[in-house]
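Try each one yourself, then read the worked solution.

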Amino acid sequence: MTSKPLIALIALIIPCATQAQESGASLYQKNCLACHQAKGQGIPGAFPALAGSAFVAGDRTELLATILKGRGGMPAFAGSMNDEQIAAVASYLRDDWNGKAGAVQAAQVAAVRKGGNAVQYSQSQARPNN
Ligand code: HEC
């Protein structure tokens, strides 16, 4: 009678293994490398460096808002990447290239996604609550 728990365990492990394959590194290569370059060094004058970047290592909300909404010549990724994918790529940038600045959780991406512009512009565009 051990087969049921075993099946439940396998059912838990398989989705985890599938997710792990889509690592932050491979997501970066697919979505970001063309502009920001293989080692995140960027191209001076065109694409900012993401390695050794105070912006990337700094406030998570600002970083996530940039990836979700895009900025200047950078496209928005809110429509093409889900919360887990954006968390994975942001964690990769922070921990692999910016001295273990700390991982980002999918829940943090979800919060910034929901917040819309409120996080960035709450001071200059504050609206009265009714
Ligand atoms: C088509 C080119 C292009 C792609 C693809 C692209 N970016 Fe960018 N990115 C830019 C440009 C251009 C800027 C500078 C925008 C500006 O001047 O405000 C930028 C800015 C940024 C910044 C802010 C850096 C800073 O110091 O202010 C971050 C973080 C960033 N990109 C992350 C990413 C991530 C993560 C991806 C992939 C999911 C990505 N970018 C994909 C062109 C791109």
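**Exercise 1. Work out how many helices and strands the protein has, and how far to trust the model.**

Start with the count: there are 8 helices and 0 strands. Read along the sequence, that gives the pattern α-α-α-α-α-α-α-α. Next, keep in mind that this is a predicted model, so check the confidence. The mean pLDDT of the protein is 85, and 75% of its residues reach 70 or more. Be careful with residues 118-130, though: the pLDDT there is below 50, and beyond near neighbours in sequence this stretch has 4 contacts in the model. Last, look at the overall packing. Buried residues make up 21% of the 130 residues. Among contacts with a separation of 6 or more, 52% join residues 24 or more positions apart.

**Exercise 2. Find the residues that touch the most other members of the largest nonpolar core, and say which helix gives the largest share.**

Begin with the members: this core has 18 residues, and those touching the most other members are Leu64, Ile86, Ala87, Val89, Ala90, Leu93 and Val109. Then ask where the core comes from. Helix 2 (24-31), helix 5 (60-69), helix 6 (83-97) and helix 7 (106-115) each supply at least two of its residues. The largest share belongs to helix 6, with 7 residues. As background, nonpolar side chains tend to be buried together in soluble globular proteins.

**Exercise 3. Take a closer look at helix 6: how long is it, and what covers its buried residues?**

Length comes first. Helix 6 has 15 residues and reaches 21 Å from its first C-alpha to its last, close to the 21 Å expected at 1.5 Å a residue. Now list its buried residues: Asp83, Gln85, Ile86, Ala87, Ala88, Val89, Ala90, Tyr92, Leu93 and Arg94. Their cover includes helix 2, helix 4 (54-57), helix 5 and helix 7. For one example, leave aside neighbours within four places in sequence, and Leu93 is in contact with Gly40, Leu50, Val56 and Asn98. Just after the helix, Gly99 takes a positive phi of about 55°.

**Exercise 4. Decide whether Ala88 and Thr66 are buried or partly exposed.**

The cut-off you need is 20 or more other C-beta atoms within 10 Å for a buried residue. Ala88, in helix 6, has 25 of them, so Ala88 is buried. Thr66, in helix 5, has 19 C-beta neighbours inside 10 Å, so Thr66 counts as partly exposed. Elsewhere in helix 5, Arg60, Leu63, Leu64, Ala65 and Ile67 are buried.

Ala88 and Ser26 sit 62 residues apart in sequence but 9.7 Å apart in space, C-alpha to C-alpha. Thr66 and Phe77 are 11 residues apart in sequence and 8.9 Å apart in space, again C-alpha to C-alpha. Setting aside neighbours within four places in sequence, Ala88 is in contact with Glu22, Ser23, Gly24 and Leu27.

**Exercise 5. Describe the shell around the ligand: which residues are the closest, and what classes make up the shell?**

Of the 21 residues surrounding the ligand, the closest are Cys32, Cys35, Gly72, Gly73 and Met74. Then sort the shell by class: 14 nonpolar, 6 polar and 1 charged. Finally, trace where the shell comes from: helix 3 (33-36), helix 4 and helix 5 each supply at least two residues.

How values were computed: Residues are numbered from 1 along each chain as its sequence is written. This is a predicted model: local features need pLDDT of at least 70, side-chain atom pairs count only at pLDDT 80 or more; totals for chains, interfaces and linings use all residues. A nonpolar core is a set of buried Ala, Val, Leu, Ile, Met, Phe, Trp, Tyr and Cys residues joined through C-beta atoms within 7 Å. A residue is buried if 20 or more other C-beta atoms lie within 10 Å of its own, exposed if 12 or fewer, and partly exposed in between; C-beta atoms are placed from the backbone. Helices (H or I, at least four residues) and strands (E, at least two) are DSSP runs, numbered from the N terminus. Two residues are in contact if their C-beta atoms, placed from the backbone, lie within 7 Å. The expected span of a helix is 1.5 Å times one less than its number of residues. A residue is near a molecule or strand if its C-beta atom, placed from the backbone, lies within 6 Å of it. Ala, Val, Leu, Ile, Met, Phe, Trp, Tyr, Cys and Pro count as nonpolar, Asp, Glu, Lys and Arg as charged, and the others, Gly among them, as polar. pLDDT is the predictor's confidence in each residue, from 0 to 100.
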